[in-house]
Each structure stands twice: as structure tokens, then as C-alpha cells.
Amino acid sequence: MKSITRRDPGGNVLNNGEYYSKSNGAYRFSYTDPLGKRRQISAVNLEKLREKEKRIFHTLRSELNEYTGGNATLNDLFDIYMGTKDNIRKSTRDNYYYMYDRFVRPRFGTKKVGDYKYTDLLTFYNMLERAGLKYNTLDNIQTVVYPCFQMAMRDGIIPRNPAEGAKTEIRKNSGYYTSTIHPITKEEQIAFLEYIKDHEVYGRWYGMFTFMFGTGVRIGELAAVLWEDIDFEAEIISIKRAVSSERRVSGIRGIVISTPKTGSGIRDIPMFPEVKRELMKLYEQRPVSKKGVVIDGYKGFVFTNRDGGLVNQQSVNRVIRRAVEDYNATEASRAVKEKRPAVLLPHFTTHMIRHSFCSRLCENESNIKIIQAIMGHTDIRTTMEIYAEVSNNRKLQAFRQYGGEMGLR
């Protein structure tokens, strides 16, 4: 079989990757960079195109030598690392670029990879914390920086990862360990739901809060539930997607609806009778004649705000805060009149509702795998931590109940 030789109109043989365009008489060269991305350059004639090719090959060799020789900066490392991550979601990729470009690239990322020490990372994070950054933001930055150094270590460019252990130190310094989430008690949960049930202001949210306390879904999952996900006959709620705020490279956020980040987030949750009752009420009251909100092609959302838009964490937490404040004010006034101690509600959030549901589940279900599946936990250790906390409380209660029977004096 004869090999096919490509030539331009002047009879010049075109090398691999070189092309001539008959439409405009221009030349182009296509190639794959070290990160696996397809790129191309163009020129008005073959001579100039090949001059550009030489500069490209020289640059590619220099970049490779910079990296393998340990002369690459952390910024170079990040760009190489991100070029290898083809399997992450666009929203995650955009967030990585945003966090790195805003906080790391301008100053901290300019040193050679081999010049970084563990204390450099700690000093950097402490500086950001003093500037007002919260633990979650610092954690996001560490999530981006750590694997870059890890890649260089595995390639033999540096002997150890200077970011190793920095995350634990951040948690200690920021006081994150002291902010343990505690579930609200069953009595507090009942008091809250009873207060808002027929309330002239908060009554419209009763069905949604019953759903939250009865399913333990994340707020993003709650916002994305469609009527087609509710199977009243089988009494099953299917969680298939979640609403998230996607950060663009520019830093501007936008609402997107997509599948959960992990496969464990897709799950079926059985309906409690109380949840089914409230869902049926909402279904009967839904405005079928009015065109609802449509986002990313999805419509028929179960839970919406007054304007028909999607609910979000900030708005729901705001409702909780106001309802709790009004309840406590009313309860304090009644307690004074009735000459008794006031039974006040603690301030809580949407995440604490989820934590409370998990705790109730742990109190009544011994199969850890069932709890993990219902909660959508990727790592069973997350389930075990809550289960262990509930189990310890059970032990204390049990000892208090029959402690007098132990014959101790």
C-alpha cells in the first residue's frame, strides 16, 4: 500500500499536523500539548508556520525540563495538575480555578516547587485567616494545593509534600473542632413543627419542614425535587439531582441543576405517613394553570418560594431563625403569665435538621448500611460518627435508668 503524501499548491510536502486551507490560502499546524489538549497555530505561508512550530517545540521542551528539573513554580504545577483532571465536573473545575487564581497564584504560587516548606503553608493559611477567611474557604484552598505537591512528589520532583498535615493544623487554629453540630431534640422538633403548623405567617412552610425532618435531604436536593420524583403509590421519594451554585471563572455564580457529585447521592427514601400526607396536600394545592419556573429544562418543582422560584439555604435558614425567635418570644411571655420556666427553642439550621434526622434514624435503626443509603453518605465513617454519638447517649441513659440496681453505695 502506497503512503499518501500531502502537498500544498506550491508542491511543498506537508508534515504531520500541517494543513493547507484552500478557502483562504493559510497554513495551520495542529498538535497536542503535554497536558493532552489539542491546540493549533496558523500562518500566512509554510515558512512562517514552521518558524512557529520550532518555537512551540522549544517551549514544550523547556516546560518539561523546568518541571522535571525542579524549576517549575507552584503555579506551573497547578496548571499541569488541572490538565490531568478530565473527570471532574465543570462547576468543580471552575471553583478550583477561582480559588487558586484569587488566593494562591498572584503571590504565594510564584516560588519554585522545591523551595516550599511546611511552615510556608502554615504561615500562608494563618495570613488568610487573619484576613477574615473562614475554615471552609481555607479547606478549599488546601484541597487545590495539596494534590499539586502530591503529584510532584510522586514524580520524584520533591522528596515530600510540604502541605501534608497542614489541613489538621488549620482546623485546630481556626477552632473548627469546637463547632460540633448537635441535633435538636425530638421534643424541640415537635414544638417547632406544632408552632408553625397553623401559623398565619409560617404555616405555608409546614409541609416543607415536615419533608425535611422526615427525609433528612440536603437543601440542594430538596430544591431539586420534582413531582415526578414522588411515587405516592409505592411511597418512595427518589433523589436524583441537586441544585448548586456554580462559580464561573470570572467569580460570578449561577444556579445549575445536575446529578449529585457522588453516586451515593442518588437514592430512594421511603415516605413516612406524615410526609406522604403533607406531600399530597401540596400536590392538590399546586398551581397547575400557572406556568412554573423552568431551570436547565426541569420543571414541576415541589418546593418553591412565594415568587415561584427555587428555595435556597439562605432563605430557609432565614425562615427558621424568624420562626424560632417568634416562638421564643411568645413562649417567654406565656411562661411569665403562667409562672413557669420558659421552654425555649435553640437556633438551628437546615444542616442541623439533616443531622437531627440522621440521629433519629440511628436511635431506631441498627443497620448502618441502611442509614448510610438513606442519608446518601459516600463514606460510611460519616454515618458511623453520628451513630457512635447516639450510641454513647443511649449508654448514658441506660446507666442512669438502672444505676440504682447495681448495688453501689
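In which helix is Glu-331 found? In this predicted model, Glu-331 belongs to helix 11, which spans residues 313-338. The relative accessibility of Glu-331 is 8%, and because residues under 20% are classed as buried, Glu-331 counts as buried. Leaving aside residues up to four places away in sequence, Glu-331 touches Arg-340, Pro-341, Ala-342, Val-343 and Leu-344.

Of the 409 residues in the chain, 40% are buried. The accessible surface amounts to about 24,700 Å², and carbon and sulfur atoms contribute 51% of that surface. Among contacts with a separation of 6 or more, 57% are between residues 24 or more positions apart.

Three of the strands, in the order 4-5-8, make up an open sheet with antiparallel pairing. Strand 4 (230-231) and strand 8 (267-270) stand at the edges of this sheet. Each of these two has a single partner strand, so one side of each is left without a neighbour in the sheet. In general, strands of a sheet pair through backbone hydrogen bonds, in a parallel or an antiparallel manner. Strand 4 runs antiparallel to strand 5 (residues 236-239), and the two are joined by 2 bridges. Within this pairing, Ile-230 stands opposite Ile-237 in strand 5.

Key. Residues are numbered from 1 along each chain as its sequence is written. This is a predicted model: local features need pLDDT of at least 70, side-chain atom pairs count only at pLDDT 80 or more; totals for chains, interfaces and linings use all residues. Side-chain values use heavy atoms; hydrogens and water are left out. Buried means under 20% relative accessible area, exposed over 50%, partly exposed in between (1.4 Å probe, protein chains only). Contact means heavy atoms within 4.5 Å. Accessible areas come from the Shrake-Rupley method with a 1.4 Å probe; for residues, only the protein chains shown count as cover. Two strands pair if DSSP finds at least two bridges between them. Helices (H or I, at least four residues) and strands (E, at least two) are DSSP runs, numbered from the N terminus.
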